[in-house]
Amino acid sequence: MSEAPVEKEKSLFEAPPIAEQERMIEAMLFASAEPLTTRDMAERMPHGSDPAEALVHLRKRYEGRGVRVVKVGDAWAMRTAPDLGYLMSRETIETRKLSRAAIETLAIIAYHQPVTRAEIEEIRGVAVSRGTVDQLLEMEWIRFGRRKMTPGRPVTFVVTQEFLDHFGLESARDLPGLKELRAAGLLDNRPPPGTMPQMGSGDSDEDEGAPGQNELFED
């Protein structure tokens, strides 16, 4: 779901020139360890500032450069241009490797969110251990979603903004399709063919489900 527009507050002071606002946005994104929403930026900027407009100018300024201003979920961040990622490969340290079970569980959550533990087990064909889910929660790649309005009101799981940021995705709709996953060796014959949709054939964000889906959940 897209971020709600930031309402401008009335102020007795004149807003800084858009070029100065652009510099402010650049400074905040450069220094921040986490992506920032336009609301986060607006709260730090002088009254009357328009971070959304400043972002438009800043993104154009960084087009074709080694660093880009990218959207991550409903927030913004500065990231290395994708074609230059190989330059950082020697500095990347793999601190923790996911197990096969964790990879499969994460993939199912990403493609079928919001999804319950029972639904994950049905797709995988085996039980999901608590340790696997705890690992993904600890890494902050998944979080608890809304409870499903079915008997027992089971909790659901969805991927987080940290997951999208790690893989350079704007939303879950940008996930690779079944063909790409198999080509990368990340998927065998499980889940069964047809259970994981191709891009553009059912992928959705947490709040953009199929018609009537929201009736099955509660906040």
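Let's start with Arg79 and Asp165, whose side chains meet in a salt bridge, 2.6 Å from N to O. By salt bridge I mean a side-chain nitrogen of Lys or Arg within 4 Å of a carboxyl oxygen of Asp or Glu. This pair links distant parts of the chain: Arg79 sits in strand β2 and Asp165 in helix α7 (residues 161–166), 86 residues apart. Helices (H or I, at least four residues) and strands (E, at least two) are DSSP runs, numbered from the N terminus.

A quick word on what you are looking at. This is a predicted model, where local features need pLDDT of at least 70, side-chain atom pairs count only at pLDDT 80 or more, and totals for chains, interfaces and linings use all residues. Residues are numbered from 1 along each chain as its sequence is written, and side-chain values use heavy atoms, with hydrogens and water left out.

Back to our pair: is Asp165 buried or exposed? Asp165 is buried, with a relative accessible area of 18%, while Arg79 is partly exposed at 28%. Here buried means under 20% relative accessible area, exposed over 50%, and partly exposed in between, using a 1.4 Å probe and protein chains only.

How many salt bridges does a search of the whole structure find? The answer is 7. One of them joins Arg124 and Glu104, at 3.0 Å from N to O. Arg124 lies in helix α5 (residues 117–124) and Glu104 in helix α4, so this pair ties together parts that are 20 residues apart in sequence. Both Arg124 and Glu104 are buried. Helix α5 also holds Glu119, which pairs with Lys148 in strand β4 (residues 142–148); their closest N and O atoms are 2.3 Å apart. Glu119 counts as partly exposed at 23% relative accessibility, and Lys148 as buried at 15%. Salt bridges with shared partners also join Arg100, Glu104 and Arg124 into one network.

Now, please find helix α1. Its buried residues are Gln21, Glu22, Ile25, Met28 and Leu29. What covers the buried residues includes α2 (38–44), α3 (51–61), β1 (67–72) and β2 (75–80), where contact means heavy atoms within 4.5 Å.

Last stop: Leu87, in the loop between β2 and α4 (100–112). Leu87 is partly exposed, with a relative accessible area of 47%.
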